Amino acid sequence: MVALTHPDLAEDFKEGMMFVANKNYTKAAELFKKIAEQGHAEAQFYLGLMYEGGQGVTKDEQQAVSWWTKSAEQGNVLAQSNLGFMYEQGQGVEQDYQKAANWFLMAAKQGDAEAQYTIGFMYSNGDGVPRDYLQAIFWMSKAAEQGDVAAQFKVALLLLGEVHTPDNDVQQDFIEAYKWFSIAAVDGDENAKDGLEVAESYLTPSAVEEAQRRANEWIANHKK
């Protein structure tokens, strides 16, 4: 049997996605499996999704992990992020925070906002990695800039420094903390109002005005 060329794989993948769009998951799974076995990273990712959700195939989280691993090793960022979650939660694999952190970090480096937030959170708690608040705020800031509300709130908390966390070695910046609490509040974080009150208690009226100016500028540039 002659192996399919890459253009053939691409065409088969498009056909598989059409089956998905038409909710013909059995046909989609059959086609994705055929090309996934030949190394097509996106097909491997979607086949993993189908095993994870039981669409077109019998639900099997171990199979989902297996296919996502193959895809992630080829650099698929969504597969990397999903693997991080599976190892973090112990779904389809034995729970392993270190492996979870490794996969989340790979996805974070490729710009995945959820992975950036999660690896930042793991650094802040010391889950699977040494506790490191500087690494935590580094990654959470990237997620915050992409509009991740949870990251925006957490960045603001970290910027409060010792006021919020006694062993926090992040340089205090109440103006930036107020800015991110303001942005998180606009984005719907219910706890941001309390954070604003804390940050404001350390600021002069002119500093509050500057913080709000920064928040408004960020919102104007990111909420188009």
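**View 1. A nonpolar surface patch made of Val163, Val198 and Tyr202 in the predicted model.** Together these three residues present about 240 Å² of accessible area. Val163 lies in the loop between helix 9 (149-159) and helix 10 (174-186). Because its relative accessibility is 34%, Val163 counts as partly exposed, a class that falls between the cut-offs of under 20% for buried and over 50% for exposed.

**View 2. The largest nonpolar core and the residues that touch the most other members of it.** This core has 68 residues, and Ile119, Trp180 and Phe181 are those that touch the most other members. Helix 10 gives the most to this core, contributing 8 residues. In soluble globular proteins, nonpolar side chains tend to be buried together.

**View 3. The surroundings of Phe181.** When residues up to four places away in sequence are not counted, Phe181 touches Phe153, Ala156, Leu157 and Leu160, and also Ala192, Gly195, Leu196 and Ala199.

**View 4. The whole chain, shown as the setting of the close-ups.** The protein has 12 helices and 0 strands, and its C-alpha trace spans about 75 × 40 × 25 Å along the principal axes. The radius of gyration is 22 Å, whereas a compact globule of 224 residues would have one near 17 Å. Of the 224 residues, 44% count as buried, while the protein exposes about 11800 Å², of which carbon and sulfur atoms supply 49%. Among contacts between residues at least 6 apart in sequence, 49% join residues at least 24 apart.

Note on methods: Residues are numbered from 1 along each chain as its sequence is written. This is a predicted model: local features need pLDDT of at least 70, side-chain atom pairs count only at pLDDT 80 or more; totals for chains, interfaces and linings use all residues. Side-chain values use heavy atoms; hydrogens and water are left out. Patches are made of residues with over 30% relative accessible area and no salt bridge: like charges are joined within 9 Å, nonpolar side chains (Val, Leu, Ile, Met, Phe, Trp, Tyr) within 5 Å. Accessible areas come from the Shrake-Rupley method with a 1.4 Å probe; for residues, only the protein chains shown count as cover. A salt bridge is a side-chain nitrogen of Lys or Arg within 4 Å of a carboxyl oxygen of Asp or Glu. Helices (H or I, at least four residues) and strands (E, at least two) are DSSP runs, numbered from the N terminus. Buried means under 20% relative accessible area, exposed over 50%, partly exposed in between (1.4 Å probe, protein chains only). A nonpolar core is a set of buried Ala, Val, Leu, Ile, Met, Phe, Trp, Tyr and Cys residues joined through side-chain atoms within 4.5 Å. Contact means heavy atoms within 4.5 Å. The radius of gyration is taken over C-alpha atoms; the globule rule is 2.2 Å times the number of residues to the power 0.38.
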